[in-house]
Amino acid sequence: MRTDRIVWHEDVVNTQHGDSVTFLIFTRDMAQRFGTGPLPALDRVRSTVAAFINHGRWLAQCPSCPSSAYVSLDVPLFWCVECGQVDNPGYWYEVVLPAARAAIESVLLKRPLVRNVASHRNWVPEETLQMLRNENLRQGIEV
Ligand SMILES: [Zn+2]
């Protein structure tokens with residue numbers, strides 16, 4: 001997995017399946033496999049889920065079950081392939097990204113890898129940019 005950036009769905013799926021497998025094709029196929037399809041039309045969006053960063057990955061968590069998935073930068077929508085999002089059936093969730101996304105990524109990318117894993121690159125919406133900078137400073141990492 002790439003560690004020179006905070007990775008998105010496209011970084012992972014394009015690496016594994018090639019550019020022709022878009023977020024929608026990948027999600028459709030996964031939902032079919034799990035029996036949670038077909039996917040709603042793209043204009044059927046209701047409610048939101050907040051994106052977060054876990055081990056250098058942009059993820060969103062299903063509000064209805066423990067499943068999470070990579071966030072797509074191309075199509076910032078969420079469909080839980082595992083449960084079909086039982087609390088929002090027939091609709092996508094809109095994925096909410098932070099306004100300070102680039103700055104958050106920049107601070108986290110200064111944190112070193114641990115055995116080639118970005119295990120210290122984490123962020124949740126409750127954390128401010130200043131909190132992330134302070135964590136870096138406490139660890140002797142530039143901000
Ligand atoms: Zn779910």
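Start by colouring two selections: domain 1 (9–96) and domain 2 (101–138). These bounds come from an automatic or database domain assignment. This is a predicted model, where local features need pLDDT of at least 70, side-chain atom pairs count only at pLDDT 80 or more, and totals for chains, interfaces and linings use all residues. Residues are numbered from 1 along each chain as its sequence is written.

Now look between the domains. Their centres, taken over C-alpha atoms, are 24 Å apart. Six residues of domain 1 are in contact with nine of domain 2 (C-beta atoms, placed from the backbone, within 7 Å). On the domain 1 side, three of the touching residues are nonpolar, three are polar and none is charged (Ala, Val, Leu, Ile, Met, Phe, Trp, Tyr, Cys and Pro count as nonpolar; Asp, Glu, Lys and Arg as charged; the others, Gly among them, as polar).

Next, select helix H2, residues 23–34. Helices are DSSP runs of H or I, at least four residues, numbered from the N terminus. Which residues of H2 are buried? Pick Phe 23, Phe 26 and Thr 27. They share one side of H2, because they cover an arc of only 95° around the axis (taken from the directions from the helix axis to the C-beta atoms). Buried means 20 or more other C-beta atoms within 10 Å of the residue's own, also placed from the backbone. Show helix H1 (9–17) too: H1 is part of what covers these residues. Just past H2, click Gly 35, with a positive phi of about 75°.

Last, select helix H4, residues 129–138. One of its 10 residues is buried, so H4 lies largely in the open. Gly 140 follows H4, with a positive phi near 75°.

Methods
Helices (H or I, at least four residues) and strands (E, at least two) are DSSP runs, numbered from the N terminus. The expected span of a helix is 1.5 Å times one less than its number of residues. A residue is buried if 20 or more other C-beta atoms lie within 10 Å of its own, exposed if 12 or fewer, and partly exposed in between; C-beta atoms are placed from the backbone. Two residues are in contact if their C-beta atoms, placed from the backbone, lie within 7 Å.
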